[in-house]
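Please read the following account with the coordinates open beside it.

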Amino acid sequence: PLRGALFSSISLRQLLAGSFGDTPQDSLAVVLSAGEGTRAALYRLNQPAGDDDLRLEREFSAGGQRYRLLFRPTATFIVQHPLPPLWGLVLPGAALSLLLGTLLFLLLSQHRRAVGLVERRTAELQRSREALRLSEERWALALDGIGDGVWDWDLGSDRLYFSPAWKALLGFADDEIGDTPEEWRSRLHPDDLAASKAALTEHLAGRTPMYRSEERLRRKDGTWLWLLARGRVVERAPGGRPVRAIGTHVDISVRKTLELELRQSNARLQNLLESATQVAIIAVNADGSVRTFNSGAERLLGYRREDLCGRPLDALLPPAPGAAVPRLATLLGGQRQPGELETMLLHRNREPLHVTLMLSKIQAGEGETDGYLLIAVDIGERLRSRQALEERSRLLEKLGAQVPGTIYQYRLFADGRSCFPYASAGIREVYAVEPEQVRSDAATVFERIHPEDRERIARSI
């Protein structure tokens, strides 16, 4: 089929005028006719001398058409130029032939260049159309593959295109939803309508770079589906009025379910932390700032959580060189498993508190530490009790050293085994054994008893 046409208009009058130079325009009569066997003139210049047979004819082809060009002298030319020698006639004729050949060559060259340009532009247009088609196919396949719904809003006509995937998200067939914005608005959850409208208004006014809203839309079966709506104005009128907007809807119901479960888990965890009033639970970020400070920590250390949350942990640790996080890593000794140790924390009044500290890393990922978890139990009372017990033990040791014989504690198990959990130093003199030897087994002492007395002593026990 015809794809186009090229037209070239040439003023023969101007061409001839430039070719003749200083020759007067009225010296030559020129006739241009078209077709074979016809003398119909397409162009005529001046009137030739009637009785002069001096002429020059040339035929040529251009654009698939044959042309005939006839040159004859005018009466003025005959008067001004008597019959010259033969060479005087041949030379102008040759020059004119060269001129006409050059003209024909230029016409054909222009034609070839025009045809080549049209072919190149046509090939480029076809390549562009093919690239656009492939791009649209990839775009459609990508959207269908991930299941996102696409909408295209023509604000001028107030028509809203919904892709088949968008309709399928809500459980509708392609022909069950129209192309008006009301199809969207009527399915929005009442609690999300105001927020979605406000976000859309802000973006259409150009105050936000993108429209973004998390909203619930009613499905065909009456259930609600959480969707993330995102879009952007892609065309505006000269005055800034939005003309066209394109966006997507993404199913985020799974994420919303996980967020709800996470909030519930956090609430249960927070209740658990607050109920542990006898235990201080402190979570520390990777930079050493306090993240969690429960009520047990408030009771034990005298701080309010508002005083420490977001601030460095250093206020709770005894003065020592280095930051809190490296010191915690040193206490943990590079172990991944939780560690338990007895150490000291500082009360708000700067008095040291003896605690049993259970320390563990909070893992953010493979090989990464997001912080530390500290669980502290006050052992001050236990240490005081142990100290009092040790003092009584030392007193008992002194007393046992002055008493003849030995002071002991004896224990008999159900399976017949026995031991002396405590024995004073006098046992060395009586039985020739060390107190440590009989703490787990009393057999060594009974071996020292005379065989004739062992049965009697066993019955007595």
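The model is a predicted one, in which local features need pLDDT of at least 70 and side-chain atom pairs count only at pLDDT 80 or more, whereas totals for chains, interfaces and linings use all residues. Residues are numbered from 1 along each chain as its sequence is written, and side-chain values use heavy atoms, with hydrogens and water left out.

The chain holds 14 helices and 16 strands, these being DSSP runs numbered from the N terminus (helices H or I, at least four residues; strands E, at least two). Of its 461 residues, 29% count as buried, where buried means under 20% relative accessible area, exposed over 50%, and partly exposed in between, with a 1.4 Å probe and protein chains only. The chain exposes about 29,900 Å², of which carbon and sulfur atoms supply 55%, the areas coming from the Shrake-Rupley method with a 1.4 Å probe. Among contacts (heavy atoms within 4.5 Å) between residues at least 6 apart in sequence, 42% join residues at least 24 apart.

Strands of a sheet pair through backbone hydrogen bonds, either parallel or antiparallel. Here 4 strands form an open sheet in the order S2-S1-S4-S3, and the pairing is antiparallel; two strands pair if DSSP finds at least two bridges between them. Strand S2 (41–45) and strand S3 (56–62) each have a single partner strand, so one side of each is left without a neighbour in the sheet. From one strand to the next the twist averages 15 degrees, taken between axes that are lines fitted to C-alpha atoms, with angles from 0 to 180 degrees between N-to-C directions. Strand S1 (residues 28–34) pairs with S2 over 4 bridges in the antiparallel sense, and Ser 33 has Ala 41 of S2 as its bridge partner.

Ser 418 lies in strand S16 (residues 418–423) and counts as buried because its relative accessibility is 9%. Its side chain and that of Tyr 410 are joined by a polar contact of 3.2 Å, a term for a pair of N or O atoms within 3.5 Å in which, within protein, one must be able to donate a hydrogen and the other to accept it, and residues adjacent in sequence count only if both atoms are side-chain atoms. Leaving aside residues up to four places away in sequence, Ser 418 touches several residues, including Phe 413, Asp 441 and Phe 446.

Most residues other than glycine have a negative phi. Asp 158, however, has a positive phi near 55 degrees; this residue sits in the loop between strand S5 (149–154) and strand S6 (159–162) and, at 38% relative accessibility, counts as partly exposed. Arg 350 also has a positive phi, near 70 degrees, in the loop between strand S12 (339–346) and strand S13 (352–365), and its 45% relative accessibility makes Arg 350 partly exposed.
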